[in-house]
Amino acid sequence: MGPHMRLIRPEPLPDELANGYQGRFLSLNGLRHDREALAGVADWVQREIGSSIDLSLVEVLAWMAGQSSERFVQDHTTLPFRRSVISDASDLPHGSPQRRPLLLKRALCDTRAYACFCSQCVECVFRSNVTVDSGGS
């Protein structure tokens, strides 16, 4: 990717997840959907912003979208959903640069089609007589 390359930087759709935005961004710019293309975009963004640290893919996508990492993570990833169940840093906003290791490893993970809870949590729910509404009638 040349230093003077101009990329189309679309605005993310309101309910668009990061992986969908990534595909749309790559397609609009005529780029392949592979690691090499993403690495090239990441290098280009890193030079554009003058960063000396390697950026996570979610940070690159946030910059391309014209959003802060926090805003992009909160609006376009499943990280807030996953962190609501298990979190060791509940005092920090989702996507916080202070939690870069989480951005690097977990920000773009898919969620499972089922919920996983530890046996102690399940026992606690049963003991508390909490009723879980499935949303159906």
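**Entry 1: ground rules.** I number residues from 1 along each chain as its sequence is written, and side-chain values use heavy atoms, with hydrogens and water left out. Because the model is predicted, local features need pLDDT of at least 70 and side-chain atom pairs count only at pLDDT 80 or more, while totals for chains, interfaces and linings use all residues.

**Entry 2: confidence.** I looked up pLDDT, the predictor's confidence in each residue, from 0 to 100. The protein averages 77, and 63% of the residues score at least 70. Among the elements, H1 has the highest mean pLDDT, 91. The lowest, 62, belongs to helix H6 (residues 100-105). I take helices as DSSP runs (H or I, at least four residues), numbered from the N terminus.

**Entry 3: the buried residues of H1.** Which residues of H1 are buried? I found Ala18, Tyr21, Gln22, Gly23, Phe25 and Leu26. Buried means under 20% relative accessible area, computed with a 1.4 Å probe on protein chains only. These residues pack against H2, helix H3 (57-64) and helix H4 (69-76).

**Entry 4: Ala18.** I checked Ala18, which lies in H1. Ala18 has a relative accessible area of 2%. I also noted its separation from Leu61: 43 residues in sequence, but 7.4 Å in space, C-alpha to C-alpha.

**Entry 5: Gln22.** Gln22 is also placed in H1. Its relative accessibility is 15%, so I count Gln22 as buried. What does Gln22 touch beyond its neighbours within four places in sequence? I list Leu38, Leu57 and Leu61 as its contacts, where contact means heavy atoms within 4.5 Å.

Entry 6: I moved on to Asn29, in the loop between H1 (18-28) and H2 (35-49). Is Asn29 buried or exposed? Asn29 is buried, at a relative accessible area of 15%. Leaving out residues up to four places away in sequence, Asn29 touches Leu7 and Ile8. From Asn29 to Ile8 I have 21 residues in sequence and 6.1 Å in space, C-alpha to C-alpha. A polar atom of the Asn29 side chain lies 2.9 Å from the backbone oxygen of Phe25. Phe25 is itself among the buried residues of H1.

Notes. Helix = DSSP H or I, 4+ residues; strand = E, 2+ residues; numbered from the N terminus. Buried < 20%, exposed > 50% of the residue type's maximum accessible area, 1.4 Å probe, protein only. Polar contact = N/O pair within 3.5 Å; in protein donor to acceptor, adjacent residues only side chain to side chain.
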